[in-house]
Amino acid sequence: MKYSYLILITLITLFAGCNQSTNNEKSKANKIIIGVSMLSMQNEFIVNISDEMQKKAEELGAELIIVDAERSPLKQIEQIESFIAQKVDVIILNPSEYEACSPAVNKALAANIPIVNVNSATKIAPTAFVGSNDLESGRIAMKFIADQLGGKGNVVMIQGLNGQAAQIQREQGAKEILKEYPGLKLIAQQTAEWDRSKSMDLMQNWIQSYGTKINAVFAHNDEMGLGAVKALQDAGMKDKVVVVSIDAIADALQAVKKGDLDATVFQDAKKQGAGAIETAVKIAQGQKVEKELMIPFQLVTKATITEYLK
Amino acid sequence: MQYINNIRQYGLLIVFGIICLLISLITPQFLTVSNLTIIVTQVSINALLAFGVTFVIITGGIDLSLGSIVAVTGVTSAMLAHPDSNPVLIPIVMGLLAGLLMGVFNGFIITKSKIAPFIVTLGTMTIGRGLALILSDGRPVSNLSDSFNYLGSGTIFGIPILILIFILVFALCSIILSKTILGRYIYAIGGNEQAARASGINIDRVKLSVYSISGLLAGLAGILLASRITTGQPNAGAGFELDAIAAVVIGGTSTAGGRGTMSGTLIGVLLIGVINNGLDLLNVTSYYQQVVMGIIIIGAVIIDSLNQKSNS
């Protein structure tokens, strides 16, 4: 019993000491502290954004606290709550869900802490948004297919995890273009959950049921695009089918260079990451910022590949 | 004992036959050599996991770390399989070794600490996922040698290597379970651990063996998956353990232990593959696929418990 009191007292003094020292440091350096909650650090694209954020923060002298939400909106809300409790200067949110993450944005705004969304949107508007319009990426990809097929042919679409903003908007953008080309027919669409091996299985099954009827494949991300390419290659059909996907990850760029993947759509992780930090720092310094900073997508084909391979 | 298993298996076989017949009536593409080959190739990775975990489940245990072992071994082998780096045997051996080590770790902790296998393997599941991310730095490991990639997409005498491995592993596991002393001990422990201990069986050694086999086969699955998709993905295999356990349960192995067969698991694996393939051919959305799969899992267990009652 005695000992436990002793331990308790020691702990309390230790904690009190810690608190003071951090407070002192903060006031001394007067650094801007930014809390960052990222969708998933298991996703290469998201990791790229976060790497760029760290670089930019170092350059601008801001301190980052980066946490991984592991794709869970609930976890993300809890992380924002703890940022609010820590009294960070600005929060950057890379939302895992359109609707479910909105309470997080609301909480930050209610606590008077500015919040910047990066890469994906939430239903509730944050202080500022930095990212790209996914409708545009779907349009670019389907437009490429339309051009390659001369506006006529059968297309299959491999979708991301149903219900996510990126999946919904990429599908919607692609369908807008399909409407403009009555000769293009969407003969099948199905989710492969952003996963390469699931996409490969799905493509194999489609090759069984549609065979040479398939003229083009649009996959919502590169992982799935590469899975489809592998299935088509195994079936000896790649030469006759156009495959396009989105993100321009390193693997996909190599595949475009080799001619395996016909095109990918480049989403600029660097500009998104750097843009988010710049916006956050400006807000913390009381400067005016644009409510929406849109980073454009770019089509990457064999003709333009050298610009992206660095 | 054998008799009960036989009845159940015929029942399962009949269900399997009816489902195949139904699908082939609706889509003519189903019953073609190329489609059947694709189904068997697609289920082969789940099959390896299911065969391994069948041993574990018959002892009354569970292994939730399978999917993470797949990720660790896939990443490990991929990192060693870049072109002109190592002979293809090195990534294969190291991948298998990584899987075996994780299995031994599971078995060691379970036997020494007496903590429930559910908890221990839940822990290794998380540890494994973390290790795969650390090893790969959170990025897919790509640019693998052609000889490594050949494993997952090549053929020998026109038969995909994946299918050959699938058949070989099935044969080996069946023999271990039904023809060896280890197999008999596995059933004995699952049936009644106290009685097995009293009769002088070294329980710890048997348990260590089953988790090691399970880890080793998950390692093989990880290597083959990496080869098939030509990358080692740190987030590969998430949820694979549940697919494998589903196949084992559909195949009539009791999760309480003591009862089950490899051939039951084989049919369970094929049934899942046939249904997924059939629903894809029919362009049914994945939402319905999940519902159908859940109904089949519960249905299989209900039939199992009815059978049990009528026999006791």
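Q: Which residues of helix 3 of chain A are buried?
A: This model is predicted. A residue is taken as buried if 20 or more other C-beta atoms lie within 10 Å of its own. In helix 3 of chain A, the residues that are buried are A:P73, A:Q76, A:I77, A:Q79, A:I80 and A:F83.

Q: Why are these buried residues placed on the same side of helix 3 of chain A?
A: The residues in question, A:P73, A:Q76, A:I77, A:Q79, A:I80 and A:F83, are buried. They lie on the same side of helix 3 of chain A because the arc they cover around the axis is only 160 degrees.

Q: What do the buried residues of helix 3 of chain A pack against?
A: The partners belong to chain A and include strand 1 (33-38) and strand 2 (63-68). The others are strand 3 (90-93) and helix 4 (102-110).

Q: How far apart are the end C-alpha atoms of helix 3 of chain A?
A: Helix 3 of chain A has 14 residues, residues 73-86. At 1.5 Å a residue they should span 20 Å, and the distance between the end C-alpha atoms agrees, being 20 Å.

Q: Which element of chain B gives the largest share of the side that touches chain A?
A: The contact takes 27 residues from chain B and 20 residues from chain A. Helices 2, 10 and 12 of chain B each give two or more residues to the chain B side. The largest share, 4 residues, comes from helix 2 of chain B.

Definitions and conventions:
Residues are numbered from 1 along each chain as its sequence is written. Chains are lettered from A and ligands numbered from 1 in the order in which they are written. This is a predicted model: local features need pLDDT of at least 70, side-chain atom pairs count only at pLDDT 80 or more; totals for chains, interfaces and linings use all residues. Two residues are in contact if their C-beta atoms, placed from the backbone, lie within 7 Å. The expected span of a helix is 1.5 Å times one less than its number of residues. A residue is buried if 20 or more other C-beta atoms lie within 10 Å of its own, exposed if 12 or fewer, and partly exposed in between; C-beta atoms are placed from the backbone. The arc is that of the directions from the helix axis to the C-beta atoms.
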